[in-house]
Amino acid sequence: MTDAVTTTGLTKRYGRRTALSDCTLNIPAGHVVGLVGPNGAGKSTLLQLTCGLLAPTEGRIEVLGHTPHTGSPRLGFVAQDTPVYGNLTVADHLRFGAHLNPGWDKALAQRRIAELGLDPSQRAGKLSGGQRAQLALTLAIAKRPELLLLDEPVAALDPLARREFLQGLMSYAAENGTSVVMSSHLVADLERVCDYLIVLVASRVRVHGDVDELLGTHHRLTGPRRDPDTLGPGREVVQASHTDVQSTLVVRSTAPVDDPSWTSDRLDLEDIVLAYMAQAGTHGRDRVLEKR
Ligand SMILES: Nc1ncnc2c1ncn2[C@@H]1O[C@H](COP(=O)(O)OP(=O)(O)OP(=O)(O)O)[C@@H](O)[C@H]1O
């Protein structure tokens, strides 16, 4: 199966500011991918390169096997702040979508609007943040894209609206085999819906992979103080902290750590994300710590 997204040395600079640096990734199709990182990490830049809104400064990107271009019917993109046209009604948005997209699924769009309880004659500017997000998602999925790109789709939503939005998204993706890449600061949400994770910090990809694989290979080791380099090959120390007598390490390892002087604990996704962020010496972890 063609990868949803493949990048090689992908770099985007704005003048002297590097927004994305030497990003090499391949995201297999058919996944719901969480893209996480602190403010300014480069998440929106990566999503905009993926949908063809931005061109790379260096490197290559292929999306569904081709160079991405805006307006592709194979891609659905919902930008940050879920932009809708305030003066147009919900029904106007659907007509607009149908006009612009040859593969528009009118029945799907109408069914979703009805299920969401949105009034077709309501102006989009009068909708709540959650309703606007749902309208923007409806416009994106009624294109029937193979890949859906969502830039912080739930940022403005309350916990209940977030849950409904993410449940709707998950069922849609599962029923239609749609690949999804979704940026968010809310790791707890991502843990619930994503099966693939990309951690981006300070313009660089720090880790990416299948969520189950990441959960299975990362451990917190606690034991008598020692040099992390003594752990042996095949064990990458992601984060280390020490007191006078004790060391605590976050380690990525495919082999079990069988030294009985270490206590080994499993980590959740948020622990793993935070360890990579700490490794990168980043600030601005507060929003990633945000819980439901
Ligand atoms: N149009 C632009 N011109 C100049 N610099 C930009 C532009 N867009 C983004 N940047 C810079 O590129 C870097 C990455 O920005 P980006 O918006 O991709 O981050 P992000 O991870 O999406 O952040 P956030 O979580 O705050 O939305 C930041 O340093 C930002 O200031």
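Colleague: What makes the span of helix H5 (residues 159-176) agree with its 18 residues?

Modeller: The expected span of a helix is 1.5 Å times one less than its number of residues. For the 18 residues of H5 that gives 26 Å, and the end C-alpha atoms are 26 Å apart, so the two agree. Helices are DSSP runs of H or I with at least four residues, strands are runs of E with at least two, and both are numbered from the N terminus. The model is predicted, so local features need pLDDT of at least 70 and side-chain atom pairs count only at pLDDT 80 or more, while totals for chains, interfaces and linings use all residues. Residue numbers start from 1 along each chain, as its sequence is written.

Colleague: Which residues of H5 are called buried, and what puts them on the same side of the helix?

Modeller: Arg162, Phe165, Leu166 and Leu169 are buried in H5. A residue is buried if 20 or more other C-beta atoms lie within 10 Å of its own, exposed if 12 or fewer, and partly exposed in between, with C-beta atoms placed from the backbone. The four cover an arc of only 90° around the axis, which puts them on the same side of H5. The arc is that of the directions from the helix axis to the C-beta atoms. On the other side of H5, the exposed residues are Leu160, Gln167, Ser171, Ala174 and Glu175.

Colleague: What do the buried residues of H5 pack against, and what follows the helix?

Modeller: Helix H4 (129-141), strand S7 (179-183) and helix H6 (187-193) are the partners of those buried residues. Two residues are in contact if their C-beta atoms, placed from the backbone, lie within 7 Å. After H5 comes glycine 177, with a positive phi near 65°.

Colleague: Why is H4 called largely enclosed?

Modeller: Of the 13 residues of H4, 11 are buried, so the rest of the structure largely encloses the helix. Among the buried ones are Gln131, Arg132 and Ile141. Their cover includes strand S5 (75-78), helix H2 (90-100), helix H3 (106-115), strand S6 (147-151) and H5.

Colleague: Why does serine 44 count as partly exposed?

Modeller: Serine 44 has 19 C-beta neighbours inside 10 Å, so it counts as partly exposed. The residue lies in helix H1 (residues 43-50). Leaving out residues up to four places away in sequence, serine 44 touches Gln80 and Asp151. Serine 44 and aspartate 151 are 107 residues apart in sequence, with their C-alpha atoms 6.4 Å apart.

Colleague: What makes up the secondary structure, and why is the chain called as compact as a globular protein of its length?

Modeller: There are nine helices and 13 strands. The radius of gyration is 21 Å, close to the 19 Å of the globule rule for 292 residues, so the chain is as compact as a globular protein of that length. That radius is taken over C-alpha atoms, and the rule is 2.2 Å times the number of residues to the power 0.38.

Colleague: Which domains are assigned, and what lies on the side of domain 1 that touches domain 2?

Modeller: The assignment gives domain 1 (5-210) and domain 2 (213-289); such bounds come from an automatic or database domain assignment. In domain 1, 16 residues are in contact with 15 residues of domain 2. H6, strand S8 (196-201) and strand S9 (204-210) each give two or more residues to that side of domain 1.
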